[in-house]
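Me: I am new to this structure and would like to be taken through a few of its features with care.

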Amino acid sequence: MNTKYEPEGRRTGRSGDHATVEATEAFLAHRKLLFTVAYEMLGSVADTDDVLQETWLRWVGIDAAHVDDPRAYLIRITTRQALNRLRSMKRRRESYVGSWLPEPLLTTPDVAADVELSESVSMALMLVLETLTPTERAVFVLREAFGIGYDEIAAAVDRTPAAVHQIAHRARRHVEARRPRRTVSARQADVALAAFQQALETRDLQGLIDVLASDVVAISDGGGIKQATPRPVIGADKVARFIVGGLTKRGVTLTIEPTAVNGGPALALHVDGELDGVIALRVEDAFITGLYYVRNPQKLTHIDTETPLTLR
């Protein structure tokens, strides 16, 4: 998140630098909320930063005297910009090579302790949200993740409150039918992460099998740039052999560091000192049920330099 918001002087409807500075301060006061709204809609840190930049440019160009609720107004701008971008991204993803995963988002440990917030940005739920239409996704995120009222959402998505209520119901039913079971506590997740890391570092096949759920699903995203499986790998034995086989073939120096991604446990893998990918884990009942391995270098550019985000 390296986007900078610098006052640019006079803008339409504002009286000079002072008004622009005040507008920027108001924007920064709500930036974490706006970032989370856009990220949950887009699944891309880079696109989210672009949306926030566009939001800020529009925000400093309006007359603040006509805005009763800056937070609601900023959410409305952000949602509309994210919707525009999401519709174009949907078309791009139709030609994406292999499996698509959200761009990993570094998060602080306290996010993982907030079960509700951790779930809202988890890789597993973000993949479920991909199955919604852009408008359904916007409504679901605003209503379910942030508890925003129907009238406010209606203004953001250009629908009537009654229509938004129906969309929210439809989206909630769709997500609940596909939502993964709730994750374990942060402490239990840390135990599973440590066992998984130990098994990786020692190439311990049985150690991997022991920490994986029998129906574990592994998804890897190379974006056609780096090698990745074209389809998910399912089952503890298959997943463990896939991981160990891949590490053995490389014959390189592998460094593994624990981190927090999308509100949950993860590992950053460095090959010969260079970041190779990030594996996000989903843990249920002390076993790993989901592995999400992002290797696409275009989705990792911010990882080494990014400060972990405290959401909201």
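Predicted model: local features only at pLDDT ≥ 70, side-chain atom pairs only at ≥ 80, totals over all residues.

Reply: Residues are numbered from 1 along each chain as its sequence is written, and side-chain values use heavy atoms, with hydrogens and water left out.

Me: Is S220 buried or exposed?

Reply: S220 lies in strand 1, residues 212-221, where strands (E, at least two residues) are DSSP runs numbered from the N terminus. Buried means under 20% relative accessible area and exposed over 50%, with partly exposed in between, using a 1.4 Å probe and protein chains only. Because its relative accessibility is 3%, S220 counts as buried.

Me: Which residue's side chain does the side chain of S220 join in a polar contact?

Reply: Leaving aside neighbours within four places in sequence, S220 is in contact (heavy atoms within 4.5 Å) with S99, L101, A228, T229 and Y293. A polar contact is a pair of N or O atoms within 3.5 Å; within protein, one must be able to donate a hydrogen and the other to accept it, and residues adjacent in sequence count only if both atoms are side-chain atoms. At 2.9 Å, the side chain that S220 joins in this way is that of T229.

Me: How many helices and strands does the protein have?

Reply: Helices (H or I) need at least four residues in a DSSP run. The secondary structure of the protein comes to 13 helices and 6 strands.
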